[in-house]
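Dear colleague,

I am handing over a structure that I have been reading through, and you will find the sequence and the model just below.

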Amino acid sequence: MPYIYINIILAFVISLIGTLIYRSHLISSLLCLEGMILSLFTLNALLSLNINFALSTIVPLILLVFAACEAAVGLALLIIISNTYGLDYVQNLNLLQC
Amino acid sequence: MMYVVFIMSVLYVVGFIGFSSKPSPVYGGMSLVVSGGLGCGIVMSSGGSFLGLVVFLVYLGGMMVVFGYTIAMATEEYPETWGSNVVVLSAFLVGLLMEVFMVMWLFSGEHELVGFYFSGLEGLMVLGEGGFEYVREDYSGGASLYSYGFWFLAMAGWMLFVSIFITIEVTRKRY
């Protein structure tokens, strides 16, 4: 069982590295952020189910709500960038404004 | 089939490497959907069928659909896949190699620092198949969001409501 936890924490670290390293698109970093949220959800759900503490299954649900709000704001920023520059290439962002 | 949950978690990590090596976001989104499905399978193997349903409905069916539409809006003419670019392919292969080494290390014997034997079945049996339990943990936990966790519910609902206004005002550049 802890070997499954190792894999999920490893998945979190991999998508954290993917968020911090930029390539051409900005939306790939937002996708890696979503991957971080998914791995946190899976970890929280597994822990709540395996220590048999039913009340802490609220935590993954609330985490998902916060992740939805965060994705909405991130996508709104992406839309402004795409409206100004046509594409969401990271190399276009040199003015420090959208 | 004893190790099916472990194989699912290894494929979960491979899916994460797949979108973390940053191909074109179309393929990244596809890899995230595959990882979401496998994560649902891992959660359901511990008896959490409600939380697996939440992953599919809310996460994949809600957030990933919105991501898919946005990616379709902001994509390019020739999307690069894992095989078309040597940077993406090498990042994917390095991650895959790391995962293979980790699995080989895990299977190479018992380790003093972990102290758990992998062939114990208590982590791999599905709960609730005997038909003798009276409480489903994840259903009652999700239902307690409305009774004990009412303040969580109120804050989460208010936050979702405010974030609609935030999104509208940010898109109109009035931040």
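**What was found**

Of the 175 residues in chain B, 40% are buried, where buried means under 20% relative accessible area, exposed means over 50%, and partly exposed lies in between, using a 1.4 Å probe and protein chains only. Before going further, please note that this is a predicted model, in which local features need pLDDT of at least 70 and side-chain atom pairs count only at pLDDT 80 or more, while totals for chains, interfaces and linings use all residues. Residues are numbered from 1 along each chain as its sequence is written, chains are lettered from A and ligands numbered from 1 in the order in which they are written, and side-chain values use heavy atoms, with hydrogens and water left out.

Chain B has six helices and zero strands, and its pattern along the sequence reads α-α-α-α-α-α; helices (H or I, at least four residues) and strands (E, at least two) are DSSP runs, numbered from the N terminus. Among the contacts in chain B with a separation of 6 or more, 71% join residues 24 or more positions apart, a contact being heavy atoms within 4.5 Å.

Turning to the two chains together, 73 residues from chain B and 61 residues from chain A take part in the contact. The chains bury about 5800 Å² between them, with 78% of it on carbon and sulfur atoms; this buried area is the accessible area (1.4 Å probe) that two parts lose on being put together, summed over both. Lys22(B), Phe67(B) and Glu137(B) supply 12% of the area that chain B buries against chain A, more than any other three residues.

There is one salt bridge between chain B and chain A, meaning a side-chain nitrogen of Lys or Arg within 4 Å of a carboxyl oxygen of Asp or Glu. Arg23(A) forms a salt bridge with Glu80(B), and their closest N and O atoms are 2.7 Å apart.

Finally, the cysteines deserve a look. Over all chains, the structure holds zero disulfides, a disulfide being a pair of cysteine sulfur atoms within 2.5 Å. Cys69(A) is buried, with a relative accessible area of 8%, and Cys40(B) also counts as buried, at 5% relative accessibility.
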